[in-house]
Amino acid sequence: MTTYHQRVAEEKRALIVTAATALFLELGYDRTSLARIAERSGVSRATLFKQFPSKAALFDAIVTESWSAADEEEPPPAGDIVNGLSTIGRRYAELLGRPQMTDLFRIVIAELPRFPELANAQFSHGKMPYFESVRSYLLAEHEAGTVRVEDVDLVATQFLGMISNYVFWPKLLVPGWEVSADRVAQVVDEAVRTIAARYATTGPAAGSC
């Protein structure tokens, strides 16, 4: 595929994903047909079916697009738990602040009783890979001796939960909920300090909990 044709294909893919997300929110997953998505996105049915042979494949693409920023960034190097977690925390807050992420969760929650496979796709293709990246970072810090972590899954959950419980879940459930950039930065900083105070083995945070 030439660079030009690849760019055109990517542009059409983005149009399809955007249209599908909007229609899933408006009509529901079950009542949205691939034909209607093709019409809304302005592409031919043949083009849509070539890229996405089923609605399940299209939903997987929505999940991938929503979590895509997490795949494009290198994890911070081990050796400084405060700087490392600060980087991860800022990235996570930015990721949760994207409109696509809110849309994705609203689709999953609305369709969960009839289509539990959507939640499974969201978890296995989106949330879990991201969680594993944070888990791997914490393991690297543990091996470097900067933290002492006996249950890395628990620590990763604690850290991500402190951020998402303030900057994401209220926005998902409460109309008009907004958090300022300064407040988001404070939430991330406090989450970092809490984890460092509990688990760090060196530096001013160690033993201060």
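How many positive and how many negative side chains does the protein have, and how far apart do the centres of the two sets lie? There are 21 positive and 26 negative side chains. The two centres are 6 Å apart. Keep in mind that this is a predicted model.

Now the overall build. The protein has eleven helices and zero strands. Follow the sequence and you read α-α-α-α-α-α-α-α-α-α-α. Along the principal axes, the C-alpha atoms fill a box of roughly 60 × 45 × 30 Å.

Next, the surface. The accessible surface is about 11500 Å². Carbon and sulfur atoms account for 54% of that. The chain has 209 residues, and 41% of them count as buried.

What about contacts along the chain? Take contacts between residues at least 6 apart in sequence. Of these, 68% join residues at least 24 apart.

Let's go inside. The largest nonpolar core has 59 residues. Which members touch the most others? They are Ile-37, Phe-59, Leu-138 and Phe-159. Several helices each supply at least two residues of this core, including helix 1 (3–27), helix 2 (34–41), helix 4 (55–66) and helix 8 (116–144). Helix 9 (152–167) and helix 11 (181–199) are also among them. Helix 11 gives the largest share, eight residues.

Now a stretch with a label. An unreviewed UniProt entry lists residues 33–52 as "DNA-binding region". That label comes from the record. In the model, residues 33–52 are 75% helix and 0% strand.

Is Gln-51 buried or partly exposed? Its relative accessibility is 24%, so Gln-51 counts as partly exposed. The cut-off for buried is under 20%.

Who does Gln-51 meet? Setting aside neighbours within four places in sequence, Gln-51 is in contact with Ala-9, Lys-12 and Arg-13. Finally, compare Gln-51 with Ser-68, 17 residues apart along the chain. Their C-alpha atoms are separated by 18 Å.

To recap: eleven helices, zero strands, and a largest nonpolar core of 59 residues.

How values were computed
Residues are numbered from 1 along each chain as its sequence is written. This is a predicted model: local features need pLDDT of at least 70, side-chain atom pairs count only at pLDDT 80 or more; totals for chains, interfaces and linings use all residues. Side-chain values use heavy atoms; hydrogens and water are left out. Helices (H or I, at least four residues) and strands (E, at least two) are DSSP runs, numbered from the N terminus. Buried means under 20% relative accessible area, exposed over 50%, partly exposed in between (1.4 Å probe, protein chains only). Contact means heavy atoms within 4.5 Å. Accessible areas come from the Shrake-Rupley method with a 1.4 Å probe; for residues, only the protein chains shown count as cover. Lys and Arg count as positive and Asp and Glu as negative; His and the chain ends are not counted. The place of a charge is taken as NZ of Lys, CZ of Arg, CG of Asp or CD of Glu. UniProt positions are given in the numbering used here, feature names are shortened, and annotations may be inferred rather than shown by experiment. A nonpolar core is a set of buried Ala, Val, Leu, Ile, Met, Phe, Trp, Tyr and Cys residues joined through side-chain atoms within 4.5 Å.
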